[in-house]
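Work through the exercises below with the model open. Try each task before reading its solution.

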Amino acid sequence: MNTSPAAPATAADVTAFRRRLAKSDPVLAGVIRAAGKYALEPAATHTPFHALARAIAHQQLNGIAAESIFGRFCGLYQATENAIAGMVEATLEAELVLDTPDDRLRSAGLSYAKIASIKDLARKTLDGIVPPYEILHTLADEEIIERLTQVRGIGRWTVEMLLMFRLGRPDVLPIDDFGVRNGFRLAYGLRGMPTPRALAEFGARWAPYRSVAAWYLWRAVDLHKAGKLPAPLQKTRIKIVKKKAATKMARKKVVAKKRATVARKK
């Protein structure tokens, strides 16, 4: 991952990256050919506070339920013109949210755990730990991750999604993302899921365009579902999650989901 700010990948960058892969990684090169044009467009349509509050609201919920709750949350505040998005809507403001009683936020459907996280986000936004986009754009990827993960409920993956989809950073590889790991498994013909560490080591060859690689690994899953994923041209040796370890991880996810459900009901 970059140690200094970098501009979003251009069409020319992707073309050059694909040419390089033809020799160094023909498997990913084949996925790129099959998937077509790179279409990750950064969209900073809200403030970092608003975007991260939305990410917190979506945790442990499906998209429809999360959007419903987040919509009611935003509806607690007066709609104002969003200069970034160019439209009239409720854009969350840290100071207003911090002053809102917990019971009112709870009435929108937010759990008390998420309310605590969003209010911590509000405090750290007012303190400058979570800066506006004008400042975020000047910071290196790792510095942004170090800052934003100080917020309760915000982990590295959430910040990586912000880096990719809001800031357009070209060299982010979310090694803990299930879709990226599954896309790698399918594209490279693995019997099991790659470990995050192994994926990070293998993915070093994709720098400085690891965001591009990640986007195409997501597309590999779509291609597989459509029956259009190219067969791997060569065998790839990489450490995978053992069956017992995978079962253990699955159990941990079930336990975490149950705990989240209990927290939402409180």
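Buried residues (under 20% relative accessible area; exposed is over 50%, partly exposed in between, with a 1.4 Å probe and protein chains only) make up 44% of the 266 residues in the protein. This is a predicted model: local features need pLDDT of at least 70, side-chain atom pairs count only at pLDDT 80 or more, and totals for chains, interfaces and linings use all residues. Residues are numbered from 1 along each chain as its sequence is written, and side-chain values use heavy atoms, with hydrogens and water left out.

The protein has 14 helices and two strands. Both are DSSP runs numbered from the N terminus: helices are H or I with at least four residues, strands E with at least two. Contact means heavy atoms within 4.5 Å. Among contacts with a separation of 6 or more, 70% link residues 24 or more positions apart.

## Exercise 1: the burial of α2

Task: find which residues of α2 are buried, and what covers them.

Solution. Start with the helix: α2 spans residues 26–35, and seven of its 10 residues are buried. They are Pro26, Val27, Leu28, Ala29, Gly30, Val31 and Ile32. Next, look around them: the cover includes α1 (11–24), α11 (178–187) and α13 (210–225). Finish at the helix end: just after α2, Gly36 takes a positive phi of about 85 degrees.

## Exercise 2: the core

Task: state which residues have the most contacts inside the largest nonpolar core.

Solution. A nonpolar core is a set of buried Ala, Val, Leu, Ile, Met, Phe, Trp, Tyr and Cys residues joined through side-chain atoms within 4.5 Å. The largest one has 74 residues, and Leu28, Phe73, Tyr188 and Trp206 have the most contacts inside it. Its largest share, 10 residues, comes from α13. Now take Leu28 alone. Leaving aside neighbours within four places in sequence, Leu28 touches Phe17, Leu21, Tyr188, Trp206, Ala213, Tyr216 and Leu217.

## Exercise 3: α9 against α10

Task: describe how α9 and α10 cross, and list the residues that meet.

Solution. Axes are lines fitted to C-alpha atoms, for helices over the stretch in contact, and angles run from 0 to 180 degrees between N-to-C directions. The axes of α9 (residues 141–148) and α10 (residues 156–165) come within 9 Å and cross at roughly 135 degrees. The two helices are therefore oblique to each other; under 35 degrees counts as roughly parallel, over 145 as roughly antiparallel, 65 to 115 as roughly perpendicular and the rest as oblique. From α9 come Asp141, Glu142, Ile144, Ile145 and Leu148; from α10 come Arg156, Val159, Leu162 and Leu163. By class, this contact has six nonpolar, no polar and three charged residues. Ala, Val, Leu, Ile, Met, Phe, Trp, Tyr, Cys and Pro count as nonpolar, Asp, Glu, Lys and Arg as charged, and the others, Gly among them, as polar.

## Exercise 4: backbone exceptions

Task: locate the cis peptide bond, then the residue with a positive phi that is not a glycine.

Solution. Most residues other than glycine have a negative phi, and most peptide bonds are trans. A cis bond joins Ala207 and Pro208, with omega about 5 degrees. Pro208 sits in the loop between α12 (196–203) and α13. Pro170 lies 38 residues from Pro208 in sequence and 6.9 Å away in space, C-alpha to C-alpha. Pro170 is in the loop between α10 and α11. At 5% relative accessibility, Pro170 counts as buried.

Gln60 has the positive phi, about 65 degrees. Gln60 lies in the loop between α3 (48–58) and α4 (63–74). Gln60 is partly exposed, at 47% relative accessible area.
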